[in-house]
Amino acid sequence: MPDASPSAGSSEGAAAAAGKSLGFVQRFLGALKLDRSVYTEVEHDAGAIVQATIVVVLAGLARGTSAISRGEQPGIFDSILIAFIGWAIVTTLLWIVGVLIDRDTSGFFELLRTVGFAASPLVLLVVTALPGLSSPPVS
């Protein structure tokens with residue numbers, strides 16, 4: 001029976017199915033595409049915490065860059081700090097709901113890694129810092 005998962009035809013899905021670990025760029029792009037196999041791989045790879053941390057830093061950097069381009073606060077450092085605080089809060093809340101209420105067996109650090117990679121679309125905020133894209137034209 002053919003695999004109907006979203007990653008069935010993707011290179012990320014093929015690598016995960018073959019037991020090969022994806023590199024950071026492939027994981028990042030797979031997370032952007034919401035490839036289930038990437039999130040599963042990250043969940044089970046304790047070493048992916050460094051990569052998840054990089055994604056959170058990049059997301060905070062993109063948010064800070066976007067804010068600065070629009071003359072808003074917070075700046076880059078504050079945005080990275082807020083990204084880390086948000087990462088910890090969201091992971092904790094999801095863990096409490098999932099483990100304590102729903103009786104799920106996921107570990108906190110497994111969830112921390114997947115939530116970190118779930119921040120990958122926020123990196124696209126850097127596009128709003130490009131000239132002409134930071135605010136809509138006024139008529």
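Q: Buried means under 20% relative accessible area, exposed over 50%, partly exposed in between (1.4 Å probe, protein chains only). How does W95 count?
A: W95 counts as partly exposed, at 27% relative accessibility.

Q: What kind of model is this?
A: This is a predicted model, where local features need pLDDT of at least 70, side-chain atom pairs count only at pLDDT 80 or more, and totals for chains, interfaces and linings use all residues. Residues are numbered from 1 along each chain as its sequence is written, and side-chain values use heavy atoms, with hydrogens and water left out.

Q: How many helices and strands in the chain?
A: The chain has 6 helices and 0 strands (DSSP runs numbered from the N terminus: helices are H or I, at least four residues; strands are E, at least two). From the N terminus on, the order is α-α-α-α-α-α.

Q: And what share of the residues is buried?
A: Of the 139 residues in the chain, 33% are buried.

Q: Back to W95. Which residue does W95 pair with?
A: W95 forms an aromatic pair with F108 (ring centres of Phe, Tyr or Trp, its six-membered ring, within 6.5 Å; planes under 30 degrees apart are stacked, over 60 edge-to-face, the rest tilted). The W95 and F108 pair is edge-to-face, with 6.3 Å centre to centre and 80° between the planes.

Q: Where do W95 and F108 sit?
A: W95 is in helix α5 (residues 76-101) and F108 in helix α6, 13 residues apart. The pair links distant parts of the chain. F108 counts as partly exposed, at 29% relative accessibility.

Q: How many aromatic pairs does the structure hold?
A: It holds 5 aromatic pairs. One of them joins F24 and F117 and is tilted, at 6.5 Å centre to centre with 55° between the planes.

Q: Why does the F24 and F117 pair tie together parts apart in sequence?
A: Because F24 lies in helix α2 (residues 24-32) and F117 in helix α6 (residues 108-118), parts 93 residues apart in sequence.

Q: Are those two buried or exposed?
A: F117 is buried, with a relative accessible area of 0%. F24 is partly exposed, at 24%.

Q: Which cluster do ring pairs make?
A: They link F24, F28 and F117.

Q: New topic. At what angle do α4 and α6 pack?
A: Helix α4 (residues 48-69) packs with α6 at about 35°, with their axes 8 Å apart (axes are lines fitted to C-alpha atoms over the stretch in contact; angles run from 0 to 180 degrees between N-to-C directions).

Q: Which residues make the contact?
A: From α4, they are A48, I49, Q51, A52, V55 and V56. From α6, they are L112, R113, G116 and F117. Contact means heavy atoms within 4.5 Å.
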